[in-house]
Amino acid sequence: VENGADAVGLLRTELLFIHRKSAPTADEHKESYQSIVGALNGRTAIIRTLDVGADKEVDYLTLPPETNPALGLRGIRLAQVRPDLLDDQLRGLLAVKPFGTVRILLPMVTDSGELVRLRKRIDELAAEIGRTDPIQVGVMIEVPSAALLADQLAQHADFLSIGTNALTQYTLAMDRCQADLAAQADGLHPAVLRLIKAATDGAAKHGKWVGVCGALGGDPVAVPLLVGLGVTELSVDPVSVPGIKALVRKLDYPLCRQRAEDALALESAQAVRAASREIWPLD
Ligand code: PEP
Ligand code: MG
C-alpha cells in the first residue's frame with residue numbers, strides 16, 4: 001500500500017502452513033486473511049490456496065516421498081489426498097468480509113475438469129456458511145497444459161494469472177532450483193512467450209483478464225512484451241511496484257503489441273532480451 005500498489009496480485013499462503021505443528025483451522029485462516037484485507041484499505045487481494053510440494057515443504061504433512069515431487073501432489077492436487085486442508089482454507093476465504101475483497105486463486109491447475117470440480121466445492125462450502133454473494137475464482141497458468149487450454153479454463157474462471165516461474169520450469173524442463181540452469185531458465189524464452197500468448201488469446205475469447213504473478217512481471221525487460229501479449233495485470237514484489245508502474249505508464253501500446261508479436265518469432269531468450277533492451281532501453 002505504501003509503495004502505491006492498487007491491489008495484492010498474489011498472496012502466497014504457504015507461510016500460514018509452515019512453522020507450525022498442525023494445519024490452520026478455518027477460523028485461523030479467516031483471521032489471517034481478514035487482517036490482511038483490513039490493512040489494504042479497500043483494495044482487493046488475490047489469495048492463492050496452498051501450494052506445497054517440490055520446492056515448498058511443510059513438515060507435519062507427512063506425505064509419502066515422491067520420485068518427482070515437482071510433478072507430484074502439489075498445488076490443488078494435494079486435495080486428492082488431503083481434501084480437509086483445502087476445505088478449511090476455502091471456508092476461511094469465503095468468510096472474509098466485506099465480500100468481494102478476496103479473490104481465490106488456484107495453483108497448479110491442469111485442465112478445466114479440475115476447475116469445475118473445485119468451483120462446485122467452493123459453492124457447496126459457501127452454501128454451508130450461508131453466503132450467497134459470489135466469489136471470484138481465478139486459475140494459475142503455470143503448467144503448459146493450462147496455457148494451451150486457456151480458452152476452456154477461461155470459460156469457467158473469472159480470471160487467469162500466469163505463474164511464469166513454474167511455467168518456465170515446466171515448459172523448458174528445467175528445475176527452478178537447479179543453480180546450474182538458472183541462466184537458461186529464462187521466462188523470456190520464445191516457447192514460454194508463445195504459451196503466454198495462448199493464455200491471453202484463450203482468455204480473450206471469453207472476455208476474461210490475464211495477469212502475471214511470476215517473477216517475469218517485475219522484470220523491466222519483460223514488462224513491455226507482456227503488455228504487448230495482452231497481459232493487463234502485473235503482480236510484483238512490493239519494492240518493484242513504483243518502478244514497474246512508472247515503466248508501464250510510459251509504454252506505447254501499439255508498439256508493445258507489434259514488438260511482442262516479433263518476439264514470438266525469435267529463437268532464444270537472449271535474442272528476446274536483446275531486442276527488448278534495444279527498443280526500450282533501461283534507464
Ligand atoms: C510461479 O510459479 O510463477 C508463481 C507465481 O508461484 P510460485 O513462485 O509461488 O511457485
Ligand atoms: Mg508456482
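**Helix packing and the parallel sheet**

Helix α7 (residues 164–172) and helix α8 (residues 190–204) approach each other with their axes within 10 Å, and these axes cross at roughly 120°. The structure described here is a predicted model. Two packed helices are described by the angle between their axes and the distance between the axes. Angles of 65 to 115 degrees count as roughly perpendicular and those over 145 as roughly antiparallel; α7 and α8 are therefore oblique to each other. Their crossing is right-handed. On the α7 side the contact is made by T164, L167, T168, T171 and L172, which meet A191, V192, L195 and I196 of α8. By class, this contact of α7 with α8 comprises six nonpolar and three polar residues, with no charged residues.

The strands form an open sheet of seven, with parallel pairing and the order β1-β2-β3-β4-β5-β6-β7. Strands β1 (8–12) and β7 (233–234) stand at the edges; each has a single partner strand, so one side of each is left without a neighbour in the sheet.

Strand β3 (residues 102–106) is joined to strand β4 (residues 137–141) by three bridges, and the two strands run parallel. Within this pair, L106 is placed opposite V139 of β4. Helix α4 (residues 112–128) packs on the sheet and touches both β3 and β4. The direction of α4 makes about 150° with that of β4.

Strand β3 also pairs with strand β2 (residues 45–48), in the parallel sense and over four bridges. Here R48 has L105 in β3 as its bridge partner. Four of the five residues of β3 are buried, so this strand is largely enclosed by the rest of the structure. In a regular strand the side chains alternate between the two faces of the sheet.

Residue D219 is located in the loop between β6 (209–212) and α9 (223–228). The relative accessible area of D219 is 17%. Buried means under 20%, so D219 is classed as buried. When its neighbours within four places in sequence are left aside, D219 is in contact with I244 and R273. From V52, D219 is separated by 167 residues in sequence and by 25 Å in space, C-alpha to C-alpha.

Key. Residues are numbered from 1 along each chain as its sequence is written. Chains are lettered from A and ligands numbered from 1 in the order in which they are written. This is a predicted model: local features need pLDDT of at least 70, side-chain atom pairs count only at pLDDT 80 or more; totals for chains, interfaces and linings use all residues. Side-chain values use heavy atoms; hydrogens and water are left out. Two strands pair if DSSP finds at least two bridges between them. Contact means heavy atoms within 4.5 Å. Axes are lines fitted to C-alpha atoms, for helices over the stretch in contact, and angles run from 0 to 180 degrees between N-to-C directions. Angles under 35 degrees count as roughly parallel, over 145 as roughly antiparallel, 65 to 115 as roughly perpendicular and the rest as oblique. A crossing is left-handed if the near helix is turned anticlockwise from the far one by less than a right angle, and right-handed if clockwise. Ala, Val, Leu, Ile, Met, Phe, Trp, Tyr, Cys and Pro count as nonpolar, Asp, Glu, Lys and Arg as charged, and the others, Gly among them, as polar. Buried means under 20% relative accessible area, exposed over 50%, partly exposed in between (1.4 Å probe, protein chains only).
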